[in-house]
Amino acid sequence: MAQQNLALHAPLTGVYVAIANIPDPVFAEKMVGDGCAIDPTSNLLVAPFDGTVTQLHDAKHAVAITHASGIEVLLHIGLDSVALKGQGFKTKVALNQQVKTGEPLIEFDADYIATHAQALMTEIIITNSDQVERFEFTNKALVQQGETLFSMTLASAANTADASAVAEHAESASTESATVVLPNPQGLHARPAAVLVEAVKKSGCQVTLTRGDNTAKANSVVALMGLGTKRADHLVLTVTGSDAAKHLADIKGVIDAGLGESFAPLTEAELAAPVAAPAVEVTQETPLIGVKEKVAGQLAGVAAAPGLAIGEAFWLQTELPEYPATAADSAAQAKRLKDAITQSDRQLEQLIADNAGKSQAEIFTAHRGMLADDDLSQSALAALQSGASAEAAFAKAIDAQVQILTATNDPLLAGRAADLRDLEGRVLKNLLGVAIEVTYPANCVVVAKDLTPSVTASLDTDKVLGFVTEVGGASSHSAIIARALGLPAIAGLGSDIADIKASDKLMIDGQAGTVRINPSSEQVDALLTAKKAREAKLAQAEQAASEPANLKDGRHIEVMANIATAADAAKGLTKGADGSGLLRTEFLFQDRQTAPTEDEQFDSYREILAAMPGKPIIIRTLDVGGDKPLSYLPLPEEENPFLGERGIRIGLNRPSILRTQVRAILRAHAKCGNAKIMFPMIARVEELVAAKAVVLEEAQNLGVQACDVGIMIEVPSAAMIADQLAEHAEFFSVGSNDLTQYVLAMDRGHPKMAAFADGLEPAVLRMIAQAVKGAQKHGRWVGVCGGIASDPEAVPVLIGLGVTELSCSVPVIPEIRAIVRQLDEATCSQVANAALVATDAKAVRALAAKVIG
């Protein structure tokens with residue numbers, strides 16, 4: 001039988017390092033296996049040959065690929081990089097995924113790893129090198145990604161161990177087992193695993209380690225890494241062979257000694273045998289809290305978009321027809337896919353044009369960016385070359401990206417996964433010739449498991465009165481679009497949505513988050529009366545929008561607009577806005593390949609300031625982070641991105657981004673006036689001092705006057721030290737959405753918790769009161785730009801707490817201004833004082849409802 005040759009292609013560009021020169025004896029002495037290393041100058045690890053992902057370490061620094069021949073390569077980025085616990089690494093594949101040569105595996109932050117690990121050097125090791133008869137390594141000092149790094153002549157069957165003889169020997173041998181407690185700080189990563197494998201090989205026995213339900217052969221470094229062990233894990237060590245008891249004691253001794261690593265002694269608690277949890281019978285119970293009270297004929301969900309409506313239930317079916325998984329002519333399939341992607345891109349371009357200046361335009365712009373993603377196209381191309389149909393290839397490529405996002409367990413990233421599914425549906429429909437448009441019956445309420453942004457934006461508002469969904473939350477893109485369209489919406493109904501049958505009459509209250517099924521005539525009459533009264537009230541507020549928002553006793557409350565574009569600013573003016581309390585600048589940075597230049601930002605800010613001439617515009621600096629990534633700003637994946645590098649922390653860690661934006665704002669302020677700078681996510685005085693210093697320095701460098709500097713109050717620490725922060729900030733603006741989330745430890749997008757993540761909870765109100773008290777100590781003013789500023793029932797409470805500015809979503813500005821004019825300071829103070837000692841948000845809302853009518 002002819003010997004098989006296998007080429008391994010360089011997974012990185014960089015300097016070639018022979019295995020003997022790796023500064024780690026475990027690798028240098030080939031304890032893991034034979035191979036080499038690359039000191040990288042690139043930051044994307046790709047597959048060195050076709051194969052299957054057989055191991056993907058929890059710390060994201062190492063991946064194993066197994067070729068069809070059985071050869072397994074371990075790709076290990078850095079030395080001692082396991083201690084980074086995934087910081088600086090971003091996986092591009094999933095376990096058991098098929099990969100092609102050159103397909104992305106792991107992206108990494110080279111600067112971060114080089115400064116936080118022992119070395120950035122990346123090891124490329126054949127872990128079962130006993131199956132290789134001969135290696136031929138490159139003679140180049142510098143290797144390019146994709147070129148041959150080394151070739152292997154695989155050993156023939158005659159030269160490998162006789163597996164049947166080993167098995168026969170094992171049958172006649174004895175077996176011994178013992179429990180060992182792992183002392184290694186990072187568990188069995190590459191180095192300690194290699195030391196264990198070496199000890200096992202010397203024993204000549206068959207050895208396994210068991211962790212829970214998972215067992216690994218202890219002669220494989222990759223298999224041991226795949227156990228996912230951690231310090232103090234209690235493992236079962238099993239040895240089979242002659243003199244098994246002696247070898248068991250020897251190997252256990254090696255493990256107890258730390259497998260070549262230093263470690264802190266195990267504590268008595270760690271050494272104690274874990275107590276098995278008693279079996280618990282799982283039953284369906286009604287939780288004591290955490291659910292809304294059940295009312296016959298009524299379903300409760302998340303209030304996603306306000307409004308009242310009554311109509312006939314229309315179940316929206318989103319299933320696609322079946323399609324073949326494979327196809328013979330890959331070139332023809334590639335052309336089909338290219339044409340469908342082009343068609344989809346044109347549709348998205350038209351949707352962007354049709355929704356210019358609206359929030360949904362930004363969403364469809366993001367979809368176009370996703371459609372143009374290189375990783376997506378490369379993944380689809382690889383599937384096509386493997387014989388997949390165009391439909392199956394694109395679906396597989398989307399699946400791979402969705403898997404990466406959903407594996408983070410981050411609700412916001414899961415929302416981006418929903419956008420990918422939306423994109424998948426669009427392209428597949430174009431491939432299959434299925435109409436994207438749906439014919440809706442008149443006066444209907446759409447019912448669905450979920451609505452993608454594309455479907456939501458395409459709802460026929462002449463016929464669709466609102467929608468309800470099984471999943472989703474108030475911060476989803478579909479909810480944002482619903483609010484922009486003025487459609488009441490309820491999300492997160494869960495399995496209760498099955499109670500709704502086609503043609504049922506539905507009465508929905510988007511403010512309360514409730515759906516009434518087949519309401520009585522009296523209930524319908526009551527809703528229609530309420531709806532008519534509300535419409536009349538809103539019309540009256542629109543007519544008086546330009547009147548000053550003054551309390552009855554004279555004090556002025558600024559009612560401002562939350563905006564992102566010049567079009568938003570112009571629309572805010574028509575609604576009576578006194579200016580903008582929040583200009584979100586993220587739209588300038590998103591869905592592009594490079595950061596906006598200083599001149600690009602200056603032009604945009606100047607245009608927005610000119611759209612509200614003479615009005616104050618508060619410009620929030622870039623608010624992105626682990627939960628809101630930018631393609632050109634590589635950020636490490638984080639276990640909890642809401643507690644990581646985001647907001648001002650990005651600007652302080654990457655000063656060039658912050659300085660460029662500050663210069664652009666200062667130039668626009670010098671040209672048009674009335675700009676203020678606001679820093680997001682301030683948690684410590686040190687952060688504010690450093691950020692403000694940038695403003696003062698850049699103003700001096702430009703020779704212009706520095707503008708006022710304020711901060712967002714959106715984390716509890718900022719509220720608690722407001723008096724100290726007020727020494728350095730000219731104003732505060734409460735970001736009630738994040739503040740509520742952090743105070744209550746409830747994700748506002750969670751289908752079960754979102755309904756209870758209410759900014760009028762007394763705990764949140766006490767935080768706002770603390771911030772106002774600290775600001776007033778230094779004569780500073782406090783505004784609110786989060787969701788409760790747009791909530792009518794919050795207005796008297798916030799004013800009573802001392803808030804003097806409310807920055808709202810543009811459509812509700814007239815209503816909020818009208819509510820301000822019907823209040824007086826004494827009444828607001830009474831409501832606020834009672835709210836601070838109320839039991840819950842429901843009680844607070846009842847107090848407020850009495851005074852706003």
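Modeller: Asp256 is partly exposed, with a relative accessible area of 34% (buried means under 20% relative accessible area, exposed over 50%, and partly exposed in between, using a 1.4 Å probe and protein chains only). Before going on, note that this is a predicted model, where local features need pLDDT of at least 70 and side-chain atom pairs count only at pLDDT 80 or more, while totals for chains, interfaces and linings use all residues. Residues are numbered from 1 along each chain as its sequence is written, and side-chain values use heavy atoms, leaving out hydrogens and water.

Back to Asp256: its side chain meets that of Lys252 in a salt bridge of 2.9 Å, N to O (that is, a side-chain nitrogen of Lys or Arg within 4 Å of a carboxyl oxygen of Asp or Glu). Both residues sit in helix 6 (residues 244–256), 4 residues apart, or about one turn of the helix. Helices (H or I, at least four residues) and strands (E, at least two) are DSSP runs numbered from the N terminus. Lys252 is partly exposed too, at 26% relative accessible area.

That pair is a local one, but the structure holds 37 salt bridges. Take Glu547, which bridges to Arg821 with the closest N and O atoms 3.9 Å apart. Glu547 is partly exposed, with 41% relative accessible area.

Helix 15 is a neighbour to zoom in on. The axes of helix 15 (residues 521–543) and helix 27 (residues 813–821) come within 8 Å and cross at roughly 85°. That makes helix 15 roughly perpendicular to helix 27. Axes here are lines fitted to C-alpha atoms, for helices over the stretch in contact, with angles from 0 to 180 degrees between N-to-C directions. Angles under 35 degrees count as roughly parallel, over 145 as roughly antiparallel, 65 to 115 as roughly perpendicular, and the rest as oblique. At the crossing, Arg534, Leu538, Ala541 and Glu542 of helix 15 meet Pro814, Glu815 and Ala818 of helix 27 (contact means heavy atoms within 4.5 Å).

Leaving aside neighbours within four places in sequence, Leu806 is in contact with Ile557, Glu558, Val559, Met560, Val784, Ala789, Val795, Leu798 and Ile816. Leu806 belongs to the largest nonpolar core, which has 93 residues, and is listed with Tyr605, Phe679, Phe732, Leu765 and Ile768 as having the most contacts inside that core. (A nonpolar core is a set of buried Ala, Val, Leu, Ile, Met, Phe, Trp, Tyr and Cys residues joined through side-chain atoms within 4.5 Å.) Helix 25 (residues 762–776) gives the most to this core, with 7 residues.

Glu586 forms a salt bridge with Arg620, the closest N and O atoms being 3.1 Å apart. Glu586 is in helix 17 (residues 586–589) and Arg620 in strand 29 (residues 617–620), so the pair ties together parts 34 residues apart in sequence. Glu586 counts as buried at 7% relative accessibility, and Arg620 is buried with a relative accessible area of 7%.

Stepping back, the protein chain has 29 helices and 34 strands. Buried residues make up 51% of its 853 residues. Of the contacts between residues at least 6 apart in sequence, 71% join residues at least 24 apart.
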